[in-house]
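Q: Could you take a close look at one helix of this predicted model with me? I would like to know how it ends, what surrounds it, and what goes on around it.

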Amino acid sequence: MRRIVPCLLCMLLILTGCSGNPLPEGMEEGTLLSAGWDVVDQMIRGNYETVAGQFRADVEVTAEDLQDLLESAADGAGDYVQHEDGMVTGQESGGERYGVAVLLCQYREAKVLFRVAFDTDMELIGMEIRQQ
């Protein structure tokens, strides 16, 4: 389990190396933003099993991994307050093109940034969460 969380983080650092790139053909900004906010909402509500079940079959992640990821990233940020802002970007890694929803949330003491990656079939393939 401890090995999977760093792998997710490393994958997302690779996935989000640049911002503002066009989305892969067939992906729509509104759909990607909506799907990203849905994942963020589920994470904030503590529905980690639900989110873990949304990952593409070849991505191994557990509810515990996701809980650890959010708790670590939001440590000291206080309670969730509201959604702030969001944008999307296209990325490519290993020949695979995908879209990333970059979503900013306001917590009581800090802002928390979520990067939620989806393949062109809108299957969840990665997530990064960090305080701003």
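A: Let's start where helix H2 stops: Gly46 follows H2 and has a positive phi, near 85 degrees. The helix itself covers residues 29–44, which makes 16 residues. From its first C-alpha to its last, H2 reaches 22 Å, close to the 22 Å expected at 1.5 Å a residue.

Now for its buried side. The buried residues of H2 are Leu32, Leu33, Ala35, Gly36, Trp37, Val39, Val40, Gln42 and Met43. Their cover includes two helices, H3 (48–54) and H4 (63–73). It also includes the strands E1 (80–93), E2 (96–107), E3 (111–119) and E4 (124–131).

Tyr80 lies in strand E1 and Tyr107 in strand E2, so their pair ties together parts that are 27 residues apart in sequence. The ring centres of Tyr80 and Tyr107 are 5.7 Å apart and the planes stand at 80 degrees, so this pair is edge-to-face. Tyr107 counts as buried because its relative accessibility is 6%, while Tyr80, at 29%, counts as partly exposed.

The loop between the covering helices H3 and H4 deserves a look too, as Arg56 is found there. With a relative accessibility of 17%, Arg56 counts as buried. The side chains of Arg56 and Glu96 are joined by a polar contact of 2.7 Å. Leaving aside residues up to four places away in sequence, Arg56 touches Glu96, Asp119, Glu123, Leu124 and Ile125.

Definitions and conventions:
Residues numbered from 1 in each chain as written. Predicted model: local features only at pLDDT ≥ 70, side-chain atom pairs only at ≥ 80, totals over all residues. Heavy atoms only, no water. Helix = DSSP H or I, 4+ residues; strand = E, 2+ residues; numbered from the N terminus. Expected span 1.5 Å × (residues − 1). Buried < 20%, exposed > 50% of the residue type's maximum accessible area, 1.4 Å probe, protein only. Contact = heavy atoms within 4.5 Å. Polar contact = N/O pair within 3.5 Å; in protein donor to acceptor, adjacent residues only side chain to side chain. Phe/Tyr/Trp six-rings, centres within 6.5 Å; stacked < 30°, edge-to-face > 60°.
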